[in-house]
Amino acid sequence: MFTQAKLKLTIVYSLFFLGMFWLLSAAIYGWTHQSLGQGYISQVREEHEKISPGGFTQTHTEIVTTAGEVALASLRRELLILNALLFLIVPEVAWVLAQKSFNPVEEAHARQRQFVSDASHELRTPLSVLTGELELSLTKTRPVKYYQHVIKDSLEEIKRLSQLVRDLLFFARQGKQLSDVNFSSVDLTDVTGRVISHLHQKSKMKHQQVKLIPDTLPSVIKGNPTFLEQLIYNLIQNAITYTPEKGLITVKLINKKQRVVVQVTDTGIGISKLNQTHIFDRFFRVDPSRGRRDGYGLGLAICKSIVDSHQGTIQVNSKLNSGTTFTVILPK
Ligand code: ADP
């Protein structure tokens with residue numbers, strides 16, 4: 001789909017380079033032509049007079065003029081051959097340059113297409129489950145309990161879809177949103193405390209303990225409060241999800257001179273070394289059956305985007321069946 005644009009760019013590059021070479025050749029020829037004129041004859045005469053005074057005759061002038069014309073004709077021929085060769089080579093070089101110029105655009109486009117296709121796939125599955133269930137319930141009259149069950153299931157599916165749409169919108173608007181946001185002072189201890197209380201019900205249901213270990217000094221950074229809350233929320237929510245009942249989740253804040261470190265550690269199922277390299281990719285899930293049913297593999301990709309937009313880093317350290325630590329470093 002970029003072929004036409006590449007061809008146009010190739011033509012522009014070719015015209016530019018060939019034009020430059022032609023101009024250069026014309027300049028070289030013009031300059032040589034000028035310097036082989038009267039001035040050149042006088043120069044040769046002067047040199048000759050030094051060796052044999054008064055010995056520069058009309059015949060000498062004619063010889064020098066003819067020699068100049070021969071040299072000019074040969075230069076003309078060489079410049080023509082050179083430009084003809086360039087005429088053959090430049091378009092090829094221009095094509096390679098055009099390909100190189102389009103590489104990043106093509107890559108971004110391929111990523112975008114992959115994202116749209118993954119997103120459509122993720123949306124299609126719950127929508128067809130929902131349609132199937134609702135259609136089945138309408139095939140004949142059923143007891144109230146059955147309808148209640150179907151409505152409850154449908155509602156859960158709709159909630160998941162809403163979350164997915166919210167996550168997709170995050171990525172769709174990301175470019176604009178993250179570059180437009182005004183950063184302000186954010187106290188990460190406050191944000192973490194708020195997130196833990198939002199998730200209290202979820203951890204309580206699994207009899208888990210979520211412990212916050214703040215730094216003695218306030219952990220204040222420059223950032224966007226909404227995105228930072230989402231970052232910490234996603235990490236703690238994952239820790240709760242992927243940790244069995246009665247597990248422990250620790251959130252530690254460490255205040256350094258120029259940055260704040262946020263560490264979310266759990267005693268959960270862990271992530272294998274191989275999967276650790278993919279968990280920040282969009283739509284990547286280690287094994288949908290081992291964790292929550294409602295995950296789409298976007299949570300950590302969102303975390304990575306937020307951390308990147310704050311010029312920070314995020315790392316994972318994990319051991320299967322033992323636990324996981326996510327370490328986020330954010331500049332102040
Ligand atoms: P999901 O919506 O599936 O949780 P995420 O992007 O948040 O998507 O996480 C990607 C994958 O990384 C998850 O499917 C899960 O298997 C794994 N993962 C994330 N956090 C943890 C954790 N604390 N412990 C174990 N596995 C985790």
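**Close-up views of the predicted model**

**View 1. Lys-6, a buried lysine.** Lys-6 has a relative accessible area of 9%, so Lys-6 counts as buried (buried is under 20% relative accessible area, exposed over 50%, partly exposed in between, with a 1.4 Å probe and protein chains only). Lys-6 forms a salt bridge with Glu-106, and the closest N and O atoms sit 3.4 Å apart (a salt bridge puts a side-chain nitrogen of Lys or Arg within 4 Å of a carboxyl oxygen of Asp or Glu). This pair links distant parts of the chain, with Lys-6 in helix α1 and Glu-106 in helix α3, 100 residues apart. Helices are DSSP runs (H or I, at least four residues), as are strands (E, at least two), numbered from the N terminus. Glu-106 comes out as partly exposed, because its relative accessibility is 27%.

A note on the model: this is a prediction, where local features need pLDDT of at least 70 and side-chain atom pairs count only at pLDDT 80 or more, while totals for chains, interfaces and linings use all residues. Residues are numbered from 1 along each chain as its sequence is written, and side-chain values use heavy atoms, with hydrogens and water left out.

View 2. Helix α1 takes in residues 3-35, 33 residues in total, and reaches 47 Å from its first C-alpha to its last, close to the 48 Å expected at 1.5 Å a residue (the expected span is 1.5 Å times one less than the number of residues). Besides Lys-6, the buried residues in α1 include Thr-10, Ser-14, Leu-18, Ser-25 and Thr-32. What do the buried residues of α1 pack against? They pack against α3 (58-137), going by contacts (heavy atoms within 4.5 Å).

View 3. Glu-157 pairs up with Arg-160, their closest N and O atoms being 2.7 Å apart. Both sit in helix α4 (residues 144-180), three residues apart, or about one turn of the helix. Glu-157 and Arg-160 are both buried. Arg-194 in turn forms a salt bridge with Glu-229, with 3.2 Å between the closest N and O atoms. Arg-194 belongs to helix α5 (residues 188-198) and Glu-229 to α7, so this pair ties together parts that are 35 residues apart in sequence. Arg-194 is partly exposed, at 37% relative accessibility.

**View 4. Helix α7 from end to end.** At the start of α7, a side-chain oxygen of Asn-224 comes within 3.2 Å of the backbone nitrogen of Thr-226. Thr-241 also belongs to α7, and its side chain reaches the backbone oxygen of Gln-237 at 2.7 Å. Thr-241 is buried, at 14% relative accessibility.

View 5. Why is α7 largely enclosed by the rest of the structure? Because 13 of its 17 residues are buried. The largest nonpolar core has 46 residues, and Leu-188, Leu-231, Leu-235, Ile-236 and Phe-326 touch the most other members. α7 gives the most to this core, with eight residues. (A nonpolar core is a set of buried Ala, Val, Leu, Ile, Met, Phe, Trp, Tyr and Cys residues joined through side-chain atoms within 4.5 Å.) Leaving out residues up to four places away in sequence, Leu-231 touches Cys-303, Ile-306, Val-307, Val-328 and Leu-330. With that same exclusion, Ile-232 touches Leu-188, Val-191, Thr-192 and Val-195. Ile-232 is buried, at 2% relative accessibility.

Note on methods. Polar contact = N/O pair within 3.5 Å; in protein donor to acceptor, adjacent residues only side chain to side chain.
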